[in-house]
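The sequence and structure come first.

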Amino acid sequence: MPQPDREPDLADREPAPEGQPPYLTVRDLNVRFRTEDGVVRAVNGVSFSVAPGRTLGIVGESGSGKSVTGLAVLGLHDPRRTEVAGEILVDGRNIVGLGESQVRRLRGRSVAMVFQDPLSALHPYYPVGRQIAEAYRVHHRSASRADARAQAVRMLGRVGIPQPERRADRYPHEFSGGMRQRVMIAMALVNDPALLVADEPTTALDVTVQAQILDLLADLQAEFHTAIVLITHDLGVVSQVADDVLVMYGGRAVEQGSVAQVLRDPQHPYTWGLLASVPTLRGDPDADLTPISGSPPSMIHLPDGCAFHPRCRYADRTGGRSATEVPPLLPTGEPGHLVACHLSTVDREALRGTAIGAQV
Amino acid sequence: MSTDPPNAVPLLAVQGLAKHFPVREGFGSRILRAVDGVDFEVRAGETLGLVGESGCGKTTTGRMLVRLLEPTAGRIRFDGRDITHLRGRALRPLRRELQIIFQDPYSSLNPRHTVGKIIAIPLQANGIRPPGGIRNRVRELLEIVGLNPEHYNRYPHEFSGGQRQRVGIARALAVQPRLVVADEPVSALDVSIQAQVVNLLRGLQRDLGLGFVFIAHDLAVVRHLSHRVAVMYLGKIVETGARADIYQRPQHPYTRALLSAVPDIERSREDRGRIRLEGDVASPLEAVSGCPFRSRCWKARDRCAVEEPALVAREGREQLVACHFPEPAPAVSTEEVRGEPVAG
């Protein structure tokens with residue numbers, strides 16, 4: 001597999017506010033699973049970085065490798081079945097290859113997570129306050145039970161749960177979906193982590209509650225200066241909360257850059273396809289949507305060359321290269337904006353208008 | 001799509017439909033009012049979008065329409081005939097005219113049957129003998145929904161989620177129904193696949209003249225599929241009208257908040273212009289006095305707590321609103337009007 005030049009990715013990225021160095025830097029991440037059916041090549045050479053106070057949105061469909069990337073950052077893959085290669089630098093320290101006990105010391109303290117389904121992530125048998133207090137005591141050994149409980153109540157109040165003192169003694173099933181996700185966020189943030197990985201945190205929620213949770217995450221980020229990796233399939237959510245975007249397809253980054261670059265000036269045909277296929281509240285409601293033909297690839301038998309080429313309308317314009325050669329992730333000309341596509345810049349400019357139509 | 005089909009007799013007419021579930025709690029029991037008196041009509045060839053958040057009663061309504069649930073009160077008429085309490089043998093002929101598509105393409109297909117058999121069963125069960133034989137009809141149906149007719153003998157697990165949903169649609173179409181209730185048919189699908197199925201449903205509306213009750217939480221999807229829209233909240237319809245009215249001139253504060261909460265690619269992080277609703281939907285277990293939405297409504301006043309607003313038309317339009325203090329008629333923003341024909 002040709003190795004794209006990684007340097008421009010990190011060097012050309014527009015500097016984070018206050019010029020802070022990234023808290024999380026991932027370089028050439030590869031994740032593979034051995035299964036009965038063969039080796040699943042879930043992530044194939046992905047690189048990105050997130051600075052404190054910034055949010056990176058990782059976008060993709062099911063099987064794109066976005067969640068596997070998130071789990072790798074958290075060190076949650078089972079080393080017996082998973083092969084993780086590359087570098088995951090958390091505050092400058094590579095966690096790839098670290099032992100479980102060392103990763104565990106980071107997890108929850110420096111790096112925390114919020115999942116899609118809080119009901120399965122919370123223990124049904126214990127009151128939520130106790131679970132949050134426990135998460136606090138794992139990393140604050142000297143804290144008394146009363147201190148830990150006070151922290152839990154404070155956090156519950158901070159995430160907008162009314163009467164936190166009383167609600168701390170309630171069980172997860174006694175909360176609504178939105179309130180439960182607030183509990184998850186309280187638990188994730190009780191140790192004031194520098195990095196939060198949120199995997200589809202609002203997908204199971206109703207839109208009005210989703211809006212509340214996204215606002216809450218933004219408020220907490222402003223307050224605690226957390227670096228956030230937000231994994232989602234929803235481009236609208238990314239547009240509203242992320243600073244930077246990484247579009248994944250077939251385990252690879254196909255496009256990367258700031259929200260403005262990727263969503264307003266998209267360069268990859270897959271990104272065009274995503275933007276054109278999403279129904280919106282604007283535009284002509286009587287016009288058919290423009291779907292991407294076919295379906296996402298099998299991660300065991302990834303197509304040769306560009307993984308997207310069997311679904312790409314423009315694959316025939318690359319002189320056959322799209323079926324044989326993996327396109328490297330290269331700068332588009334805009335600082336920090338990278339795209340992995342064999343189409344020439346001229347072709348892309350010409351095709352893009354018709355590909356996304358009036359949507360952008 | 002913007003003009004109403006001329007047919008005057010409603011294909012489906014629903015009046016005062018309600019479903020209350022008893023919920024055991026400790027020593028007693030309480031009543032969960034999942035659907036609490038809804039009225040609507042669907043004309044032949046028309047699609048009514050039923051939208052709302054979880055627990056609003058939209059799915060329960062859909063299941064009552066196809067007689068999978070027994071209504072507690074109210075009346076359902078199909079083509080002028082009362083079908084509210086049809087059961088057993090009397091239900092059979094109705095099944096040929098009224099079908100349902102489910103949300104989950106994984107659990108709604110029998111994994112032990114080939115897709116050919118799955119689609120053939122409704123034909124056999126209804127004693128339908130298509131001219132060219134059942135096998136040919138099934139192949140034809142597979143083609144209509146964009147699947148390869150050669151895949152007749154494959155099993156559901158050999159198909160992707162989007163393809164399975166197409167099988168579910170082919171099964172619903174097999175008996176040539178006049179009305180299809182589609183309950184979140186695209187929400188389990190990936191975005192790129194979702195657009196394929198939305199287009200398929202739009203084609204079926206156009207080509208087969210089917211009536212649809214399209215149940216969904218996604219307002220953008222509903223906008224692309226519905227002629228008229230009914231917005232539900234806590235078991236009641238709070239606003240209903242033509243698509244253009246609901247999306248461009250929403251009058252109920254809840255409709256406005258819902259539209260405003262939809263994440264929009266064109267809106268950036270800095271833009272906080274949307275309406276923030278406080279709190280969650282109230283529990284359908286609590287008997288609410290007055291307006292069901294008042295606990296989250298920024299406009300609520302004393303009157304809203306005591307008097308339940310009726311679903312009524314304002315200014316002689318076809319748009320009905322259940323609110324004491326509805327929004328004035330002008331469009332929410334000029335941007336949302338752009339690109340949509342203004343309905344007269």
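The expected span of a helix is 1.5 Å times one less than its number of residues. Helices (H or I, at least four residues) and strands (E, at least two) are DSSP runs, numbered from the N terminus. The model is predicted: local features need pLDDT of at least 70, side-chain atom pairs count only at pLDDT 80 or more, and totals for chains, interfaces and linings use all residues. Residues are numbered from 1 along each chain as its sequence is written, while chains are lettered from A and ligands numbered from 1 in the order in which they are written.

**Helix H5 of chain B**

Helix H5 of chain B covers residues 161–173; at 1.5 Å a residue its 13 residues should span 18 Å, and the end C-alpha atoms are 19 Å apart, which agrees. A residue is buried if 20 or more other C-beta atoms lie within 10 Å of its own, exposed if 12 or fewer, and partly exposed in between, with C-beta atoms placed from the backbone. By that count H5(B) is mostly covered, with twelve of its 13 residues buried. Among them are B:Gly162, B:Arg166, B:Ile169 and B:Leu173.

Two residues are in contact if their C-beta atoms, placed from the backbone, lie within 7 Å. The elements that cover the buried residues of H5(B) include strand S6 (98–101), helix H3 (115–125), helix H4 (134–144), strand S7 (179–183) and H6 of chain B.

**Helix packing**

Two packed helices are described by the angle between their axes and the distance between the axes. Axes are lines fitted to C-alpha atoms, for helices over the stretch in contact, and angles run from 0 to 180 degrees between N-to-C directions. Angles under 35 degrees count as roughly parallel, over 145 as roughly antiparallel, 65 to 115 as roughly perpendicular and the rest as oblique. A crossing is left-handed if the near helix is turned anticlockwise from the far one by less than a right angle, and right-handed if clockwise.

| Helix pair | Angle between axes | Axis distance |
|---|---|---|
| H3(B) and H5(B) | roughly 25° | within 7 Å |
| H12(A) and H13(A) | about 20° | 9 Å |
| H3(B) and H4(B) | about 120° | 10 Å |

The axes of H3(B) and H5(B) cross at roughly 25°, which makes H3(B) roughly parallel to H5(B). Their crossing is right-handed. On the H3(B) side, B:Val115, B:Ile118, B:Ile119 and B:Pro122 meet B:Val167, B:Ala170 and B:Arg171 of H5(B). These residues divide into six nonpolar, no polar and one charged. Here Ala, Val, Leu, Ile, Met, Phe, Trp, Tyr, Cys and Pro count as nonpolar, Asp, Glu, Lys and Arg as charged, and the others, Gly among them, as polar.

H3(B) also packs against H4(B), at an angle of about 120°, and is therefore oblique to H4(B). The crossing of H3(B) and H4(B) is right-handed. H3(B) contributes B:Gly116, B:Ile119, B:Ala120, B:Leu123 and B:Gln124, and H4(B) contributes B:Ile134, B:Arg137, B:Val138 and B:Leu141. By class, the contact has six nonpolar, two polar and one charged residue.

In chain A, helix H12 (residues 269–277) and helix H13 (residues 345–356) pack at about 20°, so H12(A) is roughly parallel to H13(A). H12(A) passes H13(A) in a right-handed crossing. The contact joins A:Pro269, A:Trp272, A:Leu275 and A:Ala276 of H12(A) to A:Arg352, A:Ala355 and A:Ile356 of H13(A).

**The interface**

Between the chains, 42 residues of chain B are in contact with 42 residues of chain A. On the chain B side, helix H6 (191–208), helix H7 (219–225), helix H8 (243–248), helix H9 (253–261) and helix H11 (334–337) each supply at least two residues. The largest share, eight residues, comes from H6(B). By class, this side of chain B has 17 nonpolar, ten polar and 15 charged residues.

**Single residues**

Most residues other than glycine have a negative phi. A:Asp28, in strand S1 (residues 24–35) of chain A, has a positive phi near 50°. A:Asp28 is partly exposed, with 15 other C-beta atoms within 10 Å. B:Glu184 has a positive phi of about 50° and is found in the loop between S7 and H6 of chain B. With 19 C-beta neighbours inside 10 Å, B:Glu184 counts as partly exposed.
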